[in-house]
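Me: I have a model open and want to learn how to read it. Where do I begin?

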Amino acid sequence: MAGTSGMNGRNVLVTGGTGGIGKATAVGLAALGARVGITGRERGRAEAAAADIRAASGNPAVDVFTADMSSQAQVRQLAGEVLDAYPRLDVLINNVGGFWAHRHETVDGLEHTFALNHLAPFLLTHLLLDRLTASAPARVVTVSSGAHATGRIDFDDLQGSATYSGQRAYNASKLANIMFTYELARRLDGSGVTATVLHPGVVRTNFGAEDRYDSNLIMFDLFIF
Ligand SMILES: NC(=O)c1ccc[n+]([C@@H]2O[C@H](COP(=O)([O-])OP(=O)(O)OC[C@H]3O[C@@H](n4cnc5c(N)ncnc54)[C@H](OP(=O)(O)O)[C@@H]3O)[C@@H](O)[C@H]2O)c1
């Protein structure tokens, strides 16, 4: 059974709740009594995850949204569906993110790691901000990484067009998560909406599985933090 806590009656959106850290987060918040929306790219996988989350938490109030968040049109569509589904939104957890060893471009023609890890949560937060503010006290929580510590943002080559390294792109995107959150927190000061950012620790998930390095090179951010 879902527990009784301050999360009863709260609506929470966890992006990327089909596996890994997002799914574990969704289970925890559903167990505390929140209504939890999860997102994923494929409806079947997302529905299966939602069933797992309901079973593990004892809370039937788990909703599924589907969007490929590397597409800005799909982020906008997702935001619209969330606004329709949740008259109040108490917590937004920007968890979707990942590591791709090689350079890919999104349907918008943007470098994929930057687009998914930074621009997607930036845009989604912006689109949901009025609803969060109207629901205050509310929270925006963004999942960064200890890898931000070696991140450098090259404003002359944001798209990694001149030179690309998956590691550099990941580290820069996770630094961008932190810079975004600091500025969001400053702008939201006094609104009743807080913005926080975290490093989840090293967690065995599907992280990086879609496009690994060809050799046995180790993604050092996962092992030094
Ligand atoms: N694992 C670690 O040790 C670690 C360490 C530091 C930071 N982090 C951060 O923690 C966050 C979660 O990582 P994780 O380890 O849980 O990764 P994961 O197991 O790969 O899970 C990623 C989640 O994001 C979703 N996703 C991936 N690409 C997507 C896209 N284009 N559009 C929409 N959803 C997409 C996946 O859903 P579908 O595949 O169903 O679409 C899945 O639910 C990331 O921001 C990562 O940078 C992880």
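Predicted model: local features only at pLDDT ≥ 70, side-chain atom pairs only at ≥ 80, totals over all residues.

Reply: Begin with how elements are named.

Me: Let me try the names out. Where is Pro137 found?

Reply: In a loop. Pro137 sits between helix H4 (112–134) and S5.

Me: What should I check about the peptide bond from Ala136 to Pro137?

Reply: General idea: most peptide bonds are trans. Here, the bond from Ala136 to Pro137 is cis, with omega near 5°.

Me: Back to the whole chain. How many helices and strands are there in the protein?

Reply: Six helices and six strands. In sequence order the pattern is β-α-β-α-β-α-β-α-β-α-β-α.

Me: How do I judge overall packing?

Reply: Compare the radius of gyration with a globule rule. For 225 residues, a compact globule would come out near 17 Å, and the protein has 17 Å, so the two agree. Then look at the extent. The C-alpha trace spans about 50 × 35 × 35 Å along its principal axes.

Me: What fraction of the residues count as buried?

Reply: Of the 225 residues, 46%. The cut-off is under 20% relative accessible area. The protein exposes about 10,900 Å², and 54% of that comes from carbon and sulfur atoms.

Me: And which sequence separations do the contacts bridge?

Reply: Take contacts between residues at least 6 apart in sequence. Of these, 77% join residues at least 24 apart.

Me: Now the strands. Which way do side chains point?

Reply: In a regular strand the side chains alternate between the two faces of the sheet. Take strand S1 (residues 11–14). Asn11 and Leu13 point one way, Val12 and Val14 the other, and all are buried. Strand S4 (residues 91–94) can be read likewise. Val91 and Ile93 point one way, Leu92 and Asn94 the other, and all are buried.

Me: In which sense do S1 and S2 pair, parallel or antiparallel?

Reply: Pairing needs at least two bridges. S1 and strand S2 (residues 35–40) pair in the parallel sense over four bridges. Val12 has Val36 as its bridge partner in S2.

Me: What stands opposite Val12 in S4?

Reply: Val91. S1 and S4 are parallel too, with three bridges.

Me: Let me compare two glycines. Where are Gly17 and Gly28?

Reply: Gly17 is in the loop between S1 and H1. Gly28 is in helix H1 (residues 20–31). Gly17 counts as buried because its relative accessibility is 0%. Gly28 is partly exposed, because its relative accessible area is 34%.

Me: What is Gly17 in contact with?

Reply: Leave aside neighbours within four places in sequence. Gly17 is then in contact with Gly22, Lys23, Ile38, Thr39, Ala49 and Ile53. As a distance check, Gly17 and Ala46 are 29 residues apart in sequence and 7.6 Å apart, C-alpha to C-alpha.

Me: One last site. Where does Ser144 lie, and what does Ser144 touch?

Reply: Ser144 lies in the loop between S5 and helix H5 (166–188). Ser144 is buried, since its relative accessible area is 4%. Beyond four places in sequence, Ser144 touches Lys174, Asn177, Ile178, Val197, Leu198, His199 and Pro200.

Me: How are sequence and space distances read for Ser144?

Reply: Quote both numbers. Ser144 and His118 are 26 residues apart in sequence and 9.6 Å apart in space, C-alpha to C-alpha. For Ser144 and Gly28 the figures are 116 residues and 19 Å.

Definitions and conventions. Residues numbered from 1 in each chain as written. Heavy atoms only, no water. Rg over C-alpha atoms; globule rule 2.2 N^0.38 Å. Buried < 20%, exposed > 50% of the residue type's maximum accessible area, 1.4 Å probe, protein only. Contact = heavy atoms within 4.5 Å. Areas by Shrake-Rupley, 256 points an atom, 1.4 Å probe, with all protein chains shown as cover.
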